[in-house]
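Please look over the sequence and the fold, and then follow the paragraphs below.

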Amino acid sequence: MTWLCDFWRSSVGGKLTMAVTGVLLFLFVVGHLLGNLQLFSEPEHLADYAKLLHREPALLWAVRCVLGGALLLHVVTGIRLARQNRAARPVKYQKEEILVASFASRSMLLTGLTTLGFVVYHLLHFTAGVVHGAGAAKAGKFDGFDVHTMVVRSFENPSIALAYVGFMVVLFFHLAHGIQSFVQTLGLNHARYTPVIRRLSVVVAGLLAGGNILLPLSVLSGIVKVAP
């Protein structure tokens, strides 16, 4: 295992770790959004989706462990690389090249840690049910409980809904540059294609963040309501 730790500590190993774990987390974001979009369908569909996630406890916990490990490794590696980059350039440039270093690239550590905070908050809210009075949403307690109503009632609170919107804006910036970094790690930089990849990364990040933003805003605007 020594060689594996040494590889992880190297610059190449760290970037590869960020790429692999980033892909796993990206796929989770996509799948999670597709499931949550059931909010726009019949109320029982969202309940069926929640039940499906808990139908196979062993599989569910295996996925949770993989995603949890990927998230932890992603965060730890990201912090380590950020510290290494800062140590390698202890004196800031006299003039920052804002056009080269975009806000998203310069704030990856901040947006990443903020997103981590959102993940913890989200789990406490909808999974553990220990905040905002959503206790009935605890894992496995779906019999006689309307998941659709729980989500709608939560997002009817403007502070909760706007908090989710704000976190999704942060996620947008993190994903936009994360996708570009992944492509760069693969060595796919090209004068002709890199600008296209950058635009596509913004579009993909916008679709994912925007899809999640639609959920609370649709409730606040009255488009999605508690089923009669």
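Helices α2 and α4 are oblique to each other, because their axes meet at an angle of about 140°, and an angle has to be over 145 degrees to count as roughly antiparallel. The two axes lie 9 Å apart where α2, which spans residues 11–36, packs on α4, which spans residues 57–88, and α2 passes α4 in a left-handed crossing. On the side of α2 the contact is made by G14, K15, T17, M18, T21, G22, L24, L25 and F28, and on the side of α4 by L67, A70, L71, L73, H74, T77, G78, R80 and L81. Sorted by class, the residues of this contact comprise 9 nonpolar, 7 polar and 2 charged.

This arrangement belongs to a predicted model, in which the protein chain has 9 helices and 0 strands, so that the order of elements from the N terminus on is α-α-α-α-α-α-α-α-α. Of the 228 residues in the protein chain, 32% are buried, while the accessible surface comes to about 14100 Å², with 69% of that area belonging to carbon and sulfur atoms. When contacts between residues at least 6 apart in sequence are considered, 76% of them join residues at least 24 apart.

Helix α2 also packs against α8, here at an angle of about 130° and with the axes 10 Å apart, and α2 and α8 are therefore oblique to each other. The crossing in which α2 passes α8 is left-handed. From α2, the residues K15, L16, A19, V23 and F26 meet L175, I179, F182 and T185 of α8, and this contact has 7 nonpolar, 1 polar and 1 charged residues. K15 takes part in the contact of α2 with α4, and K15 is also listed among the residues of α2 that meet α8.

Within α8, which covers residues 158–185, one finds H177. Is this histidine, H177, buried or exposed? Its relative accessible area is 17%, and since buried means under 20%, H177 counts as buried. Which residues is H177 in contact with, once its neighbours within four places in sequence are left aside? They are A104, S105 and M108.

Methods:
Residues numbered from 1 in each chain as written. Predicted model: local features only at pLDDT ≥ 70, side-chain atom pairs only at ≥ 80, totals over all residues. Heavy atoms only, no water. Helix = DSSP H or I, 4+ residues; strand = E, 2+ residues; numbered from the N terminus. Buried < 20%, exposed > 50% of the residue type's maximum accessible area, 1.4 Å probe, protein only. Contact = heavy atoms within 4.5 Å. Areas by Shrake-Rupley, 256 points an atom, 1.4 Å probe, with all protein chains shown as cover. Axes fitted to C-alpha atoms, helices over the stretch in contact; angles between N-to-C directions. Parallel < 35°, antiparallel > 145°, perpendicular 65-115°, else oblique. Left-handed = near helix turned anticlockwise from the far one by under 90°. Nonpolar A, V, L, I, M, F, W, Y, C, P; charged D, E, K, R; others polar.
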